[in-house]
Amino acid sequence: MRGVNNKMLLISGPALQELGKNVAELLKTNTVNVVFKRFPDGENYVRLEGSVKNEEVAIVQTTSPPQDTHLLQLFLLADLAKDLGAKKVTAVVPYLAYSRQDKRFLPGEAWSIETIAKLMKTAGVDQLVTINVHANEILKKFPFPAKSISAMPLLAEYFKKMGLEGAFALAPDEGAKEYAIVADRILHGGYGWRHKMRDRYTGEIGFRNDKFDVKGKDAIIFDDIISTGGTTAAAVKMLKNQGAKRVYSACVHPLLIGDAEKRILENGAEAIVGTDCVPSHVSKVSVAPLIADALGKKEA
Ligand code: R5P
């Protein structure tokens, strides 16, 4: 068929059916449908409705909550594809669960992301494409090629289109400072980052008393993940206390656990904007073009 990318078959995993379909459309690639279900006892079942023999396949499956179920579905699909004769399996995992446990912070802790990487390899994954992984360095330790692409420019462009060019870009901790730098290249309103400390035993966070040039200005907080919302809510409050006009929250992975959204909005944020790496009602920005671009490149 003309215009169809015959080099790759795309499989949309149970966690991200919509995004997978959008990527396939952009790539004009053929797809293999997945039949999936949960048994009454919670076990997962997957079946591929098409041949993958001698094909290169890309499995698009995010691993947002329930992380362990989504990871297992990915392992089942990768192993199944290899078992049915696929030549190469690329795991496209927009949100990579366990990536925050990228070190042994305390003696005796599991180095969780390393375990996940080993399990992927065992399941037959040959390479990984993810989006804004929590720390890029960890990918160098994966036992197969792994790359992370950034959705921050897409988020910044979204705000620019909303008329927020000139807004101050804030990273809520030092680890996120690159996000603010990237956003500032698009918004040109200046940038900064907070200094966050975390108690590794209790999980409690604290901040240094940083001052930012936000009086009378709009500001946007850029982070990779919003989980409980504590980090972003504290940043919103601080920016409002320092005189910011309107404050927005941007994140790539809107996990939004419990009352995270309420906490952020109650502290004075105008809105939260996320991507469809984690499907939610705040997922206004699609990463489909980023993934299509990454898969379309020769090395992917
Ligand atoms: C941590 O370093 C991450 O980049 C996020 O800031 C963090 O995971 C957000 O978590 P929460 O929303 O629970 O504060």
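I am working from a predicted model here.

Where does His 195 sit? I found His 195 in the loop between β10 (191–193) and β11 (196–198). Next I looked up what His 195 touches, leaving aside residues up to four places away in sequence. My list reads Glu 174, Gly 206, Phe 207, Arg 208 and Asp 210.

On to helix α1, which covers residues 17–27. Which residues of α1 are buried? I noted Leu 19, Gly 20, Val 23, Ala 24 and Leu 27. Looking down the axis of α1, I see these buried residues fall within an arc of 140°, so they line one face of the helix. Glu 18 and Glu 25 are exposed on the other side of α1. After α1 comes Lys 28, and I jotted down its positive phi, near 50°.

Last stop, the ligand. I have 13 residues around the ligand, and those that come nearest are Asp 223, Asp 224, Thr 228, Gly 229 and Thr 231. Then I checked polar side-chain atoms against ligand oxygens. For Asp 223, I get 2.5 Å from a polar side-chain atom to an oxygen atom of the ligand. Thr 231 also has a polar side-chain atom 2.5 Å from a ligand oxygen atom. For Arg 100, an N or O atom in the side chain is 2.9 Å from an oxygen atom of the ligand. How much of the ligand does the protein bury? Taken alone, the ligand exposes 380 Å², and the protein buries 90% of that.

Technical notes. Residues are numbered from 1 along each chain as its sequence is written. This is a predicted model: local features need pLDDT of at least 70, side-chain atom pairs count only at pLDDT 80 or more; totals for chains, interfaces and linings use all residues. Side-chain values use heavy atoms; hydrogens and water are left out. Helices (H or I, at least four residues) and strands (E, at least two) are DSSP runs, numbered from the N terminus. Contact means heavy atoms within 4.5 Å. Buried means under 20% relative accessible area, exposed over 50%, partly exposed in between (1.4 Å probe, protein chains only). The arc is that of the directions from the helix axis to the C-beta atoms. A residue is near a molecule or strand if one of its heavy atoms lies within 4 Å of it. A polar contact is a pair of N or O atoms within 3.5 Å; within protein, one must be able to donate a hydrogen and the other to accept it, and residues adjacent in sequence count only if both atoms are side-chain atoms. Accessible areas come from the Shrake-Rupley method with a 1.4 Å probe; for residues, only the protein chains shown count as cover.
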